[in-house]
Amino acid sequence: MSATSVIIVGGGVIGLSAAFHLAQSGGVHVILLEKGAVGAGASSRAGGIITGHLWSKTGVEARKISLRLYHELSEELSAYGYQYQAVGCLNLFSPADWPERKSLLPLYDECRAPYEILDAAEIRHRWPLLRSSDDAVGLFDPLGGYSEPDDYIPALAQKCRDLGVDIREGVTVSAFAKERERVKGIVADGELLEADRVICAVHSWTNRLLASVARPLPVKSFVHQRYLTEPLAQAARLPAVNANPYEAYLRPAKGNRILVGGETAGRAELGTPSLAFDMATLRAPNGFGDSLRAKAQPLLPALERYRFIEERVGLISFAMDGEPVLGEVPGWPGLYVGAAFHSGGFAYNPVAGKLLAELATAGVTELDIAAFSPARFSAAATDAYLDSRLRQQDAFSRRH
Ligand SMILES: Cc1cc2nc3c(=O)[nH]c(=O)nc-3n(C[C@H](O)[C@H](O)[C@H](O)COP(=O)(O)OP(=O)(O)OC[C@H]3O[C@@H](n4cnc5c(N)ncnc54)[C@H](O)[C@@H]3O)c2cc1C
């Protein structure tokens with residue numbers, strides 16, 4: 001049975017991207033339901049950095065598609081005020097951490113994901129503002145870069161509306177409905193809204209919402225934060241930098257600013273207490289911004305002169321094995337979930353939306369995504385994982 005109607009729950013970049021791909025393919029009535037305003041979750045808080053240098057074959061292949069789509073979106077959304085910033089992404093490593101990443105280079109070669117290995121002198125030559133330590137190794141992704149969430153989200157939402165997507169804000173979905181062993185819609189405000197397929201793209205709220213119909217996923221969320229400096233005298237010529245030895249990442253930002261972010265490695269996981277939970281209630285630890293600036297300053301001395309004037313705090317979520325969860329919910333034909341994109345959901349969104357749209361319309365995806373399947377976790381391992389209480393440093397530190 002081909003789908004003529006699809007409901008998407010969640011108006012972050014994953015839900016919006018799925019809506020965009022469905023609407024673009026034509027012939028499907030798409031309704032997107034968002035409990036707050038579009039972008040109100042993690043998406044508007046993201047750094048928007050993307051690199052193709054991931055950890056698994058499926059991840060690398062998926063990111064290649066995302067990078068291609070970001071370039072295409074730049075054209076499709078330029079009239080809406082969005083532009084992909086193709087400044088490249090520099091992944092920095094200490095000598096101790098480099099061997100682990102070096103072991104992934106054959107995978108990048110196999111997948112034809114381009115890279116350059118740069119020493120400190122070359123890094124300084126290319127980006128004179130950067131002062132990486134003499135023994136640092138740089139893995140440069142020439143296709144990487146970033147998107148400004150404040151440009152991308154409104155542009156994608158408006159494009160979706162123009163393509164006919166019915167975006168309804170302020171609607172909280174409380175359950176999924178089933179008929180003859182297939183999904184038949186969702187329940188919101190006590191009312192049943194029917195559709196042939198449903199996509200669940202609610203990030204940290206996933207287990208809360210799936211609780212009524214399926215086993216929970218082994219996914220944990222952690223508080224994460226990023227900052228913007230006051231405007232610099234002139235635009236900073238920099239790539240996006242995953243500055244791992246400095247426990248930070250940074251990139252140039254709109255308005256001659258610099259965006260700097262970092263994990264709170266020692267902070268314990270944070271469960272999403274209810275469907276009503278609002279990420280705007282989250283706070284970074286006192287003084288975290290200052291300590292992050294001090295950590296990043298040896299790499300980018302210019303930070304000494306520019307204060308942070310804006311902080312955004314949200315949740316990032318990790319599955320037990322660090323890979324995203326994307327596919328059909330076990331026992332619920334026609335219900336698809338996309339979640340646990342670690343701190344790389346912004347980078348994943350173009351391909352994740354495409355894959356979810358393919359599942360909803362054709363039931364299969366062009367890319368083999370068995371490694372992302374929600375069915376890959378055993379019940380025992382899931383229970384053990386969810387019973388544990390982890391700090392972020394004990395879970396994963398996968399960036400972007
Ligand atoms: C500080 C920070 C920096 C980050 N930096 C980067 C980065 O540089 N690069 C990168 O790739 N990623 C980054 N990320 C991660 C990225 O933001 C997320 O992975 C991504 O935004 C997830 O998108 P999403 O659509 O799944 O989630 P969200 O944007 O959270 O969207 C889910 C939506 O579902 C809605 N919702 C929840 N429950 C319901 C319900 N019952 N009914 C209706 N609606 C519901 C929520 O209101 C929310 O808007 C960062 C995250 C943070 C917090």
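**Starting from V9**

Q: What does V9 touch, apart from its close neighbours in sequence?
A: Leaving out residues up to four places away, V9 touches L33, V173, I186, V198, I199, C200, A201 and V202. Bear in mind that this is a predicted model.

Q: Which residues have the most contacts inside the largest nonpolar core?
A: V9, A19, I199 and C200. That core has 122 residues. I199 and C200 are also among the residues that V9 touches.

Q: Which helix gives the most to this core?
A: Helix 9, residues 345–362. It contributes 10 residues.

Q: Step back. How many helices and strands are there in the chain?
A: There are 10 helices and 19 strands.

Q: What share of the residues is buried?
A: Buried residues make up 51% of the 400.

Q: And what share of the contacts comes from residues 24 or more positions apart?
A: 78%, counting contacts with a separation of 6 or more.

Q: Back to the strands. What does strand 1 pair with?
A: Strand 1, residues 5–9, is joined to strand 2 by 5 bridges. The two run parallel. V6 stands opposite V30 in strand 2.

Q: Why is strand 2 described as largely enclosed?
A: 5 of its 6 residues are buried, so the rest of the structure largely encloses strand 2.

Q: I186 was on the V9 contact list. Which residues are opposite I186?
A: F176 stands opposite I186. In strand 11, the bridge partner of I186 is L193.

Q: How do strands 9 and 10 run, parallel or antiparallel?
A: Antiparallel, with 6 bridges between strand 9 (173–179) and strand 10 (182–188). They form a hairpin with 2 residues between them.

Q: What about strand 10 and strand 11?
A: Those run antiparallel too, and 4 bridges join strand 10 to strand 11, residues 191–194. Their hairpin has 2 residues between the strands. D189 takes a positive phi near 50° there.

Q: New topic, the ligand. How many residues surround the ligand, and which are closest?
A: 44 residues surround the ligand. The closest are G12, G41, G47, G314 and G345.

Q: Which elements give two or more residues to that shell?
A: Helix 1 (13–25), strand 2 (29–34), strand 3 (49–50), strand 13 (219–229), strand 17 (308–319) and helix 9. Strand 17 gives the most, with 4 residues.

Q: How does the shell divide into nonpolar, polar and charged?
A: 20 nonpolar, 19 polar and 5 charged.

Q: Where does L228 lie?
A: In strand 13. L228 is partly exposed, with 19 other C-beta atoms within 10 Å.

Q: Why partly exposed rather than buried?
A: Buried needs 20 or more other C-beta atoms within 10 Å, and L228 has 19.

Q: What is L228 in contact with?
A: Beyond its neighbours within four places in sequence, A253, R257, L259, F308, I309 and E310. From L228 to G36 is 24 Å, C-alpha to C-alpha. The pair is 192 residues apart in sequence.

Q: Last one. Where is D150?
A: D150 lies in helix 6, residues 149–162. It counts as partly exposed, with 15 C-beta neighbours inside 10 Å. D150 and P99 are 51 residues apart along the chain, and their C-alpha atoms are separated by 37 Å.

Notes:
Residues are numbered from 1 along each chain as its sequence is written. This is a predicted model: local features need pLDDT of at least 70, side-chain atom pairs count only at pLDDT 80 or more; totals for chains, interfaces and linings use all residues. A residue is buried if 20 or more other C-beta atoms lie within 10 Å of its own, exposed if 12 or fewer, and partly exposed in between; C-beta atoms are placed from the backbone. Two residues are in contact if their C-beta atoms, placed from the backbone, lie within 7 Å. A nonpolar core is a set of buried Ala, Val, Leu, Ile, Met, Phe, Trp, Tyr and Cys residues joined through C-beta atoms within 7 Å. A residue is near a molecule or strand if its C-beta atom, placed from the backbone, lies within 6 Å of it. Ala, Val, Leu, Ile, Met, Phe, Trp, Tyr, Cys and Pro count as nonpolar, Asp, Glu, Lys and Arg as charged, and the others, Gly among them, as polar. Two strands pair if DSSP finds at least two bridges between them.
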